[in-house]
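This briefing is meant for a reader who is meeting the structure for the first time. Please look over the sequence and the model before reading on.

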Amino acid sequence: MSALNEPALDEGPVLVIGAKGLVGAAVTKRLVEEGRRVICVEPKTTPGRLAKVADAVELVAGDVRDMSGLLDTIGKFGVREIVTVPFYQGRSIFDEMSVMV
């Protein structure tokens, strides 16, 4: 996503880690609006908060703690940029997962 609505320097695929969380979903939707190819890494591939843009993103099952899996995803999709906004603080992860599914 570009600052001040300037064109991005690289229009390659963007990996969003934590795309179904509150902040991640907003970022993902904005990237889709900008016409970017978005790959989302989430524990579950159900759309959750991304239901309105589910057809426009790639949902990949994965975990932010699995470096090998993340590197595989980056290579497979040719990811050029990464946005990471995983949820681990505040409410219980189980409470948050109930709204992300």
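The model is predicted, and the protein chain in it has three helices and four strands, which follow one another along the sequence in the pattern β-α-β-β-α-β-α. Of the 101 residues of the protein chain, 33% count as buried. Among contacts in the protein chain with a separation of 6 or more, 59% are between residues 24 or more positions apart.

**Nonpolar cores**

- In soluble globular proteins, nonpolar side chains tend to be buried together.
- The largest nonpolar core here has 12 residues, including Val14, Val16, Leu31, Val38, Cys40 and Val57.
- Two or more residues of this core come from each of β1 (14–17), α1 (22–33) and β2 (38–42), and α1 gives the most, with four residues.
- Apart from this core lies another, made up of eight residues, among them Leu15, Ile17, Leu70 and Phe77.
- Val16, when its neighbours within four places in sequence are left aside, is in contact with Gly24, Thr28, Leu31, Val38, Ile39, Cys40, Val41 and Val83.

**Helix α2**

- The buried residues of helix α2, which spans residues 67–77, are Leu70, Thr73 and Phe77, and because they cover an arc of only 60° around the axis, they are on the same side of α2.
- On the other side of α2, the residues Met67, Asp72, Gly75 and Lys76 are exposed.
- The buried residues of α2 pack against β1, β2 and β3 (57–61).
- After α2 comes Gly78, which has a positive phi, near 65°.

**Ile39 in strand β2**

- Ile39 is found in strand β2, where this residue is buried, with a relative accessible area of 0%.
- Leaving aside neighbours within four places in sequence, the contacts of Ile39 include Pro13, Val14, Leu15 and Val16, as well as Glu58, Val60, Thr73 and Phe77.
- Although Ile39 and Leu59 are 20 residues apart along the chain, their C-alpha atoms are separated by 6.2 Å.

**A buried lysine**

- Lys20 has its place in the loop between β1 and α1; this residue is buried yet has no salt bridge, and the nearest side chain of opposite charge, that of Glu42, is 4.8 Å away.
- A polar atom of the side chain of Lys20 lies 2.9 Å from the backbone oxygen of Lys44.

**Salt bridges**

- The count of salt bridges comes to five.
- One of them joins the side chains of Arg30 and Glu34, at 3.2 Å from N to O; Arg30 is partly exposed at 32% relative accessibility, and Glu34 is partly exposed with a relative accessible area of 33%.
- Another joins the side chains of Glu81 and Arg36, at 2.6 Å from N to O, and this pair links distant parts of the chain, with Glu81 in strand β4 (residues 81–84) and Arg36 in the loop between α1 and β2, 45 residues apart.
- Within that pair, Glu81 counts as partly exposed at 26% relative accessibility, whereas Arg36 counts as buried at 5%.
- A network of salt bridges links Glu11, Arg36 and Glu81.
- Glu58 forms a salt bridge with Arg37, with their closest N and O atoms 3.7 Å apart; because Glu58 lies in strand β3 and Arg37 in the loop between α1 and β2, this pair ties together parts that are 21 residues apart in sequence.
- Glu58 counts as partly exposed at 34% relative accessibility, and Arg37 counts as partly exposed at 39%.

Conventions: Residues are numbered from 1 along each chain as its sequence is written. This is a predicted model: local features need pLDDT of at least 70, side-chain atom pairs count only at pLDDT 80 or more; totals for chains, interfaces and linings use all residues. Side-chain values use heavy atoms; hydrogens and water are left out. A nonpolar core is a set of buried Ala, Val, Leu, Ile, Met, Phe, Trp, Tyr and Cys residues joined through side-chain atoms within 4.5 Å. Buried means under 20% relative accessible area, exposed over 50%, partly exposed in between (1.4 Å probe, protein chains only). Contact means heavy atoms within 4.5 Å. Lys and Arg count as positive and Asp and Glu as negative; His and the chain ends are not counted. A salt bridge is a side-chain nitrogen of Lys or Arg within 4 Å of a carboxyl oxygen of Asp or Glu. A polar contact is a pair of N or O atoms within 3.5 Å; within protein, one must be able to donate a hydrogen and the other to accept it, and residues adjacent in sequence count only if both atoms are side-chain atoms. The arc is that of the directions from the helix axis to the C-beta atoms.
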